[in-house]
Amino acid sequence: EKMVKKIILIVLLVSVVILATGIIYFEIEPENTNINFNPANMQNETDKTIRFNSDGKLKVLQIADTHLEFDRNFDASIWVIAEACDVEKPDLVVLTGDNVKPYDDPEETKKLINALMNIFDSRNIPVAVTFGNHDSEGGPMSRKDIMDYYETFSCVISVDHGEDFKNCATLNIPVLASDSDKVNFNLWVLDSGDYDEDDPRHYDRVRTEQIEWYKKTSEKLRAENGGEKVNSVIFQHIIVPEVYDALKKVDSWQPYAVKRIYNEEEYYTFNPDVVNYGTLNEKPCPGYYNDGQFDAILETGDVLAMFTGHDHTNAFGVRHKDVDIYTSPTTRYKGLAYTTQYGYRVVEIDENDTSTYKTRVERLYDVFDFDYIKIAKDNGDKYSKRIAFELAVKGGVQEDFMKIYQSVVELITGRQVTYPDQQ
């Protein structure tokens, strides 16, 4: 019986893929857009003090895994990021790593950074930048060199830790009250490294020295807040290994079961006994070693949620020991590939109750829908109309097929495989 179910599910999945790709197999050709490759404008001054707005709200836009490089998808990816900023109008943008490709020629790398950062600089949006495993993978620029170049843009919030941290793109951002300079919330932006130095097949993690800095900084914030903890969230590239503790080990044949990284004999799905969000489309990929970051978070007790990237087609979350652990989708254009998963995450905090937060994932086909296409058409914006039309059609068709497949899986297995994205 299990084998029959497995065969049926495989046939359904293959049919979905064939139909979804066959119906919409086309990609737009690259076109010139208004991309600014110029270095930082020294005349621009972005206010980088982060505080709650007069309505008591703060909106953070997480942009993950842009992977910008000079390929046929570059122009459209820049368009996607810029339009996301215009749609959401965030108070802060956090880039959570794998931002641009490091080229052998540093000037090429800098051109990509210019194109990305001018989006935010021209809109006076403060930006916190951290790195992933690819940001310094190749080319002569070190992680520190790359961060130094990001810092030439006035919109970038950063802290120079000198030689103390191997993973240098690490900082915290106090969020001030709407009507005073009291710290009402805190944002941690942590560099989770690239690869383990002993084995480059293994991903890195937040290191011991960063964890000690986190604990000391958290203690300092608590002391300055009259002994009360300052609630916070974390943004970083690589997820923590404890995510697997919140999933459920299952047989390999089960649909939406993913292999555990570093142990391909184990398979996992959502655990119905915990709080889940979104869809688990690929295996989470934490570091091989664990320096105790999640234990420190539990000990300190000030973190509500962790927002990561790294796994491009994952947009899911699980609650583990009262901390929500999320992976966010990649924010870029990549032709036909994974149209239903690409997008961005928004995190919103209200200073009237900082013990909780709201978050949502916006997929590109939902943002750039047919209403958006009509507006672009009315404005005579042919480029926006063309990309939005492609995203709406491709994403819509693929999403419809995926919903059918997921419904069939849930009907056959009696197990929920997808959950609402929003918290």
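The second largest cavity is lined by Thr 66, His 67, Leu 68, Glu 69, Asp 71, Asn 73, Phe 74, Ser 77, Arg 332, Tyr 333 and Lys 334. A cavity is a set of points, on a 1 Å grid over the protein atoms alone, where a 1.4 Å probe fits but cannot get out, and lining residues have an atom within 4 Å of a point. The model is predicted: local features need pLDDT of at least 70 and side-chain atom pairs count only at pLDDT 80 or more, while totals for chains, interfaces and linings use all residues. Residues are numbered from 1 along each chain as its sequence is written, and side-chain values use heavy atoms, without hydrogens and water.

This second cavity has a volume of about 60 Å³, a volume being the space filled by probe spheres set on the points, which are joined across faces, edges and corners. Its lining divides into three nonpolar, four polar and four charged residues.

In total, five cavities of 30 Å³ or more are counted. The largest cavity holds about 80 Å³ of space. Of the 14 residues that line the largest cavity, Arg 205, Val 206, Val 240, Pro 241 and Gln 293 lie nearest its centre. Seven nonpolar, four polar and three charged residues make up the lining of the largest cavity.

Attention now turns to Tyr 289. This residue is found in the loop between strand 13 (276-279) and helix 6 (293-300); helices (H or I, at least four residues) and strands (E, at least two) are DSSP runs, numbered from the N terminus. Tyr 289 has a relative accessible area of 36% and is therefore partly exposed, a term for values between buried (under 20%) and exposed (over 50%), with a 1.4 Å probe and protein chains only.

Methods. On a 1 Å grid over the protein atoms alone, a cavity is a set of points where a 1.4 Å probe fits but cannot get out, and a pocket is an open set with protein on both sides within 12 Å along at least five of seven lines; lining residues have an atom within 4 Å of a point. Ala, Val, Leu, Ile, Met, Phe, Trp, Tyr, Cys and Pro count as nonpolar, Asp, Glu, Lys and Arg as charged, and the others, Gly among them, as polar.
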